[in-house]
Amino acid sequence: MRLFNRTPAEVRAAVVPPDRVLAHAQGPDGYVIATDRALYLGETRLPWSRIDRGLWDEEGLTVVTTDGREHRVPLPEPGRVPETVRERVVSSILVSQYVPLDARGGVRLVARRGEDGAAVWDLVFDADLDGDDPGLRALAEQALEGARRSFGI
């Protein structure tokens, strides 16, 4: 019987200091490692402030980043990784506020705590809105400035 759950040397070696390992699981293509500052998917390091959400099913983990990219990792035995990912993503969110822009829809203003502790803001437009439209972008930026003043971030 093991008294302590020691982190394997290869897990510790994969983590960049000062990141601290919170949970890890072995997948077919390597380890998935959740640290206090980022999620490691094999060779890919994703800071918590860049992760929009993590989705779990019986086959593994799908992580969606704030720029819309998906990373899929099979994890037959996830251990504590799912709950750690959820806790870290939720705890990184400082502000999440929906603002209607016009009759067609609105934008979600999301501030997340970056690795350096500073707020990182994202604008998440409704699916049927073009976030590159200059008029909508100006309205969203105006709403963002108001939210920054309101929340002091």
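A polar contact is a pair of N or O atoms within 3.5 Å; within protein, one of the two must be able to donate a hydrogen and the other to accept it. Keep that handy for the tour of this predicted model.

**Stop one: the start of helix 3.** Select Asp133 and Gly135. A side-chain oxygen of Asp133 sits 2.8 Å from the backbone nitrogen of Gly135, and in this way Asp133 caps the N-terminal end of helix 3.

**Stop two: along helix 3.** Now select residues 134-151, the 18 residues of helix 3. From first C-alpha to last, helix 3 reaches 25 Å, close to the expected 26 Å. Which residues of helix 3 are buried? Colour Leu136, Ala140, Ala143, Leu144 and Ala147 to see them. They sit on the same side of helix 3, because they cover an arc of only 105 degrees around the axis. Just past the end of helix 3, click Gly152, which has a positive phi of about 70 degrees.

Strand 9 (residues 105-113) and strand 10 (residues 119-125) pair in the antiparallel sense, over seven bridges. Pick Arg108 and you'll find Val124 of strand 10 opposite. Five residues lie between the two strands of this hairpin, and Gly117 in the turn has a positive phi of about 95 degrees.

**Last stop: helix 2.** Select Val90, in helix 2 (residues 81-92). Val90 counts as partly exposed because its relative accessibility is 48%.

How values were computed
Residues numbered from 1 in each chain as written. Predicted model: local features only at pLDDT ≥ 70, side-chain atom pairs only at ≥ 80, totals over all residues. Heavy atoms only, no water. Helix = DSSP H or I, 4+ residues; strand = E, 2+ residues; numbered from the N terminus. Buried < 20%, exposed > 50% of the residue type's maximum accessible area, 1.4 Å probe, protein only. Pairing = 2+ DSSP bridges. Expected span 1.5 Å × (residues − 1). Arc of directions from axis to C-beta.
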